[in-house]
Amino acid sequence: MRSLLEEVGEERVAEEIVSIASEVPDFPVVKVLQQALRISAKMRQEQEEALSQLRQTLSELATPIIRIWTDMLLVAMTGNIDSQRAQDIAERLLNRVSSTRAKVVIVDVTGVPMIDTMVGGFLIEMFNATRLLGAKVILTGIRPEVASTLVKLGVDFQMVSIARDLEDALRQGIAITMEEAQKRRQLALNLAKGGVGEGNEGNAF
Amino acid sequence: MKETPSNPEQVVPILQIADFLLVPIQIDLDDKTVSRLQEQLLKEIERTRAKAVILDVRTVEIIDSYISYTLSETAAMARLMGCRTILCGIRPAVALTLAQMGIVLEELNIARDLEHALVLASSS
């Protein structure tokens with residue numbers, strides 16, 4: 001009985017129950033309490049599960065990763081970004097880039113109201129990681145107030161190309177994929193001819 | 001495609017395709033192996049006079065700061081010998097960890113996959 005009440009942890013409730021138990025001697029306090037505890041624990045667990053599922057869905061909804069062109073992904077970021085969401089977005093993006101072998105990732109931050117040092121640092125990390133997977137990043141949608149904050153904070157996105165708007169980003173991305181397709185054809189031709197890059201031997205030897 | 005003769009001192013196999021060396025790294029890298037790998041690579045670059053080395057790390061699950069530093073160092077050495085170094089097949093989790101540690105691998109060219117690596121190797 002005592003230990004059970006300690007588990008509940010509410011002194012006032014405990015006092016009430018003790019008084020009930022002393023007034024009505026044959027009231028099955030222990031059994032009722034045990035049952036109540038079991039039910040409340042179960043309810044809490046269900047609630048927590050639902051909550052974590054909702055959180056997951058929310059983060060996926062808030063940051064869709066869309067394939068918009070051959071070998072090109074679009075990450076549309078909206079809303080405030082905290083470190084949990086940032087980590088989640090980075091993981092999902094990197095897995096997607098790795099599985100689709102995307103050449104270009106366009107990151108649109110039009111819907112992000114504030115970019116502070118934390119979000120800026122997270123974006124830099126994400127861009128560097130994407131670069132390590134061999135994809136190019138094009139950043140777009142930086143609004144005037146965000147641009148001013150970024151410069152004042154000293155965050156420079158030197159490792160990515162910046163596009164005026166989504167149209168410009170798409171154009172740049174297509175140019176990159178076309179250029180690579182061209183190079184690949186050239187490589188295939190050279191390999192078929194039996195020598196690779198015969199025109200530029202000089203720099204290596 | 002020529003294969004170099006197998007040798008107990010070799011840490012990894014090194015395959016030659018045209019002017020390129022292909023190095024699939026399929027062992028766990030630790031501090032000792034990575035410096036032996038560096039030595040082996042430089043010798044092989046000298047022997048074959050390769051234009052580019054392609055390191056494939058698809059199966060490497062852990063790349064710590066020392067290993068990434070040694071790889072960058074190797075790339076810088078190879079560059080002095082007239083050879084480009086291309087790293088391909090970094091896992092997403094490894095990429096994220098490296099980025100979070102602030103490592104950007106300046107000396108290395110990064111490729112998505114082997115095909116992209118060959119394209120980078122041939123375009124100089």
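I began with what a pocket is: on a 1 Å grid over the protein atoms alone, it is an open set of points where a 1.4 Å probe fits, with protein on both sides within 12 Å along at least five of seven lines, and its lining residues have an atom within 4 Å of a point. Volume is the space filled by probe spheres set on the points, which are joined across faces, edges and corners.

A note to myself: this is a predicted model, where local features need pLDDT of at least 70 and side-chain atom pairs pLDDT 80 or more, while totals for chains, interfaces and linings use all residues. Residues are numbered from 1 along each chain as written, chains are lettered from A and ligands numbered from 1 in the order written, and side-chain values use heavy atoms, leaving out hydrogens and water.

I found that the largest pocket has a volume of about 470 Å³. Of its 22 lining residues, G134(A), K136(A), I110(B), H116(B) and L120(B) are the closest to the centre. I then saw that α7(A) gives the largest share of the lining, four residues. Helices here are DSSP runs of H or I with at least four residues, and strands are E runs of at least two, numbered from the N terminus.

**L166(A).** Next I looked up L166(A), which sits in helix α7 (residues 166–193) of chain A. Beyond neighbours within four places in sequence, L166(A) is in contact (heavy atoms within 4.5 Å) with L74(A), I106(A), D108(A) and T140(A).

**F27(A).** Last, I placed F27(A) in the loop between α2 (11–23) and α3 (29–62) of chain A. F27(A) is partly exposed, at 39% relative accessible area.

Methods:
Buried < 20%, exposed > 50% of the residue type's maximum accessible area, 1.4 Å probe, protein only.
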